[in-house]
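Please work through the following exercises with the sequence and the coordinates at hand. Each task is followed by a worked solution.

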Amino acid sequence: MNAQNWPQFSLRPLAGQAPRTALIRPVAPGEAAKVLALQEVAIGPLMFPITPQEVQDMLAGGHGCILGVWVGDDLIAFLAITVPDLGEHNLGHDAGLPAEALPGVAQWTAVVVHPDCRGNGLHVRLLRHSLDRLDWPQVRRWLATVRCENAFSLNNFLAVGARVVTRMRKYDGHERFLLMLELPNSH
């Protein structure tokens, strides 16, 4: 992952407060507790939580990463990304991809935004950042699932160019859309 020039931007001010500057940067292995604490505060009934072990695995490197939006030392949003192996957890199986395409899959595993910071476009900003800034030349397709009732999240994935591939029951027993974004060959 190329960590050059992590972007800074202004957030809309909260009532009675000055504007704040936010920074997108990777979450470090020692910051796992901040990911889990934010998830605890922000996750709603339409989201499927990531486990502490999954957080540790992503932060250990090699199989993904977690991008965070930071205001000072406070984590206000994150995007968890996995690069699955060829096993059963690769959403490429559900998308009907041939076996030779499975090594080129990355998965948007979770997007979580603190309730006080929603309305700043952080979900879309993190998705776009993952597409534009992560240096993973082997990745040809990005996949994600979204609960069918979660129109806000679905619209954010569609805004970055993902398309609905199918509808299925996955993870929590609820109907979910499986989304895929295929990268051009020149990426």
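The exercises below concern a predicted model and treat a helix pair, the nonpolar cores and a histidine.

**Exercise 1.** Determine how H1 is oriented relative to H2, and characterise the residues of their contact.

*Solution.* Step 1: the axes of helix H1 (residues 32–42) and helix H2 (residues 52–59) come within 10 Å, and they cross at roughly 140 degrees. Step 2: angles over 145 degrees count as roughly antiparallel and 65 to 115 as roughly perpendicular, the rest above being oblique; H1 is therefore oblique to H2. Step 3: the crossing of H1 past H2 is right-handed. Step 4: H1 contributes Ala-32, Val-35 and Leu-36 to the contact, while H2 contributes Pro-52, Val-55, Gln-56 and Leu-59. Step 5: by class, these residues comprise 6 nonpolar, 1 polar and no charged.

**Exercise 2.** Identify which residues of the largest nonpolar core touch the most other members, and list the contacts of Phe-157.

*Solution.* Step 1: this core has 39 residues, of which Val-69, Ile-81, Trp-108, Leu-122, Trp-142 and Phe-157 touch the most other members. Step 2: helix H3 (residues 122–133) gives the most to the core, with 5 residues. Step 3: not counting residues up to four places away in sequence, Phe-157 touches Trp-108, Val-111, His-123, Leu-127, Ala-144, Val-146, Ala-162 and Leu-179. Step 4: another core, of 16 residues, lies apart from the largest one; Val-27, Val-35, Ile-50 and Leu-75 are among its members.

**Exercise 3.** Is His-129 buried or exposed?

*Solution.* Step 1: His-129 is located in helix H3. Step 2: its relative accessibility is 5%, and the cut-off for buried is under 20%; His-129 therefore counts as buried. Step 3: leaving aside neighbours within four places in sequence, His-129 contacts Trp-6, Pro-7, Ile-24, Leu-67 and Leu-134.

Technical notes:
Residues are numbered from 1 along each chain as its sequence is written. This is a predicted model: local features need pLDDT of at least 70, side-chain atom pairs count only at pLDDT 80 or more; totals for chains, interfaces and linings use all residues. Side-chain values use heavy atoms; hydrogens and water are left out. Axes are lines fitted to C-alpha atoms, for helices over the stretch in contact, and angles run from 0 to 180 degrees between N-to-C directions. Helices (H or I, at least four residues) and strands (E, at least two) are DSSP runs, numbered from the N terminus. Angles under 35 degrees count as roughly parallel, over 145 as roughly antiparallel, 65 to 115 as roughly perpendicular and the rest as oblique. A crossing is left-handed if the near helix is turned anticlockwise from the far one by less than a right angle, and right-handed if clockwise. Contact means heavy atoms within 4.5 Å. Ala, Val, Leu, Ile, Met, Phe, Trp, Tyr, Cys and Pro count as nonpolar, Asp, Glu, Lys and Arg as charged, and the others, Gly among them, as polar. A nonpolar core is a set of buried Ala, Val, Leu, Ile, Met, Phe, Trp, Tyr and Cys residues joined through side-chain atoms within 4.5 Å. Buried means under 20% relative accessible area, exposed over 50%, partly exposed in between (1.4 Å probe, protein chains only).
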